[in-house]
Amino acid sequence: IEHGHHPVVHKIRQFEPLYRDEVDAFANVVKAFDKDNEYSSLFETDDDLLTFIRQYIGIAPEAQERGMAQLRSQGFNEPQMQYAETLMVWVNANGALSYDDLLTPDLDCGDVFANEELGKMLNIINSHMAVLTSKPSE
């Protein structure tokens with residue numbers, strides 16, 4: 001990606017949430033270079049662009065480790081943390097993680113979680129990939 005130093009790409013690589021205005025501005029930059037008008041056929045929404053970039057560049061190892069440390073601090077046990085690593089591999093390969101993805105055989109967690117624990121883990125992971133509507137008041 002030519003815009004490897006763009007703040008949005010940096011935040012994606014660092015597994016940090018983005019703000020809607022950042023996503024919109026970044027999408028506009030990408031669209032400005034779209035001479036063949038292929039953007040809308042490649043990306044249904046601007047958020048799909050983020051998924052593509054995350055899939056293409058991946059999450060930095062140190063950012064993954066910070067995410068894992070956050071999960072560990074929430075009291076997840078060792079088998080659950082091993083599953084969290086599987087989820088991180090999935091995010092790097094697919095650029096996103098949804099509840100529907102959990103139905104794939106690759107993400108079968110067996111009996112490692114109670115439903116609310118798995119939901120809590122997914123919410124934490126997805127919070128790092130969130131697009132927030134507005135920045136907090138400064």
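User: Hey, quick one to start: does N37 count as buried or exposed?
Analyst: N37 counts as exposed, because its relative accessibility is 62% and the cut-off for exposed is over 50%. Keep in mind that this is a predicted model.

User: OK, and where does N37 lie?
Analyst: N37 lies in the loop between α2, which covers residues 20-32, and α3. Its phi is positive, about 55°, although N37 is not a glycine.

User: Where's the place of F15, then?
Analyst: F15 sits in the loop between α1 (7-13) and β1 (18-19).

User: And is F15 buried or exposed?
Analyst: F15 is buried, since its relative accessible area is 4% and anything under 20% counts as buried.

User: Let's zoom out. What does the secondary structure of the chain come to?
Analyst: The chain has seven helices and two strands. Going along the sequence, the pattern reads α-β-α-α-α-α-α-α-β.

User: What box do the C-alpha atoms fill?
Analyst: Along the principal axes, the C-alpha atoms fill a box of roughly 50 × 40 × 25 Å.

User: How much of the chain is buried?
Analyst: Of the 138 residues, 38% are buried.

User: What share of the contacts is between residues 24 or more positions apart?
Analyst: If you take the contacts with a separation of 6 or more, residues 24 or more positions apart account for 65% of them.

User: Now helix α6. What should it span, going by its residues?
Analyst: Helix α6 has 17 residues, 78-94, so at 1.5 Å a residue it should span 24 Å. In the model, its end C-alpha atoms are 24 Å apart, which agrees.

User: Which residues of α6 are buried?
Analyst: The buried ones are Q80, M81, Y83, A84, L87, M88, W90, V91 and N92. They pack against α4 (46-57), α5 (61-73) and α7 (115-127).

User: What comes just after α6?
Analyst: G95 does, with a positive phi of about 80°.

User: Back to Q80. Why does it count as buried?
Analyst: Because its relative accessible area is 3%, and the buried class is under 20%.

User: What does the side chain of Q80 reach?
Analyst: The side chain of Q80 reaches the backbone nitrogen of N77 at 2.9 Å. A polar atom of that side chain also lies 3.2 Å from the backbone oxygen of V112.

User: Which residues is Q80 in contact with, leaving aside its neighbours in sequence?
Analyst: Setting aside neighbours within four places in sequence, Q80 is in contact with V112, F113, E117 and M121.

User: Switching to Y99. Where is that one?
Analyst: Y99 is in the loop between α6 and α7. Its relative accessible area is 47%, so Y99 is partly exposed.

User: What joins the side chains of Y99 and N123?
Analyst: A polar contact of 3.2 Å joins them. Beyond its neighbours within four places in sequence, Y99 is in contact with G119, L122 and N123.

User: How far apart are Y99 and F43?
Analyst: Y99 and F43 are 56 residues apart in sequence and 21 Å apart in space, C-alpha to C-alpha.

User: Another helix residue: A27. Which helix does it lie in?
Analyst: A27 lies in helix α2. At 0% relative accessibility, A27 counts as buried.

User: And what is A27 in contact with?
Analyst: Leaving out neighbours within four places in sequence, A27 is in contact with Y39, D46 and L49.

User: Last one: L42, buried or exposed?
Analyst: L42 is exposed, at a relative accessible area of 59%. L42 is in helix α3, residues 39-42, and its C-alpha atom is separated by 9.6 Å from that of F52, ten residues apart along the chain.

Definitions and conventions:
Residues are numbered from 1 along each chain as its sequence is written. This is a predicted model: local features need pLDDT of at least 70, side-chain atom pairs count only at pLDDT 80 or more; totals for chains, interfaces and linings use all residues. Side-chain values use heavy atoms; hydrogens and water are left out. Helices (H or I, at least four residues) and strands (E, at least two) are DSSP runs, numbered from the N terminus. Buried means under 20% relative accessible area, exposed over 50%, partly exposed in between (1.4 Å probe, protein chains only). Contact means heavy atoms within 4.5 Å. The expected span of a helix is 1.5 Å times one less than its number of residues. A polar contact is a pair of N or O atoms within 3.5 Å; within protein, one must be able to donate a hydrogen and the other to accept it, and residues adjacent in sequence count only if both atoms are side-chain atoms.
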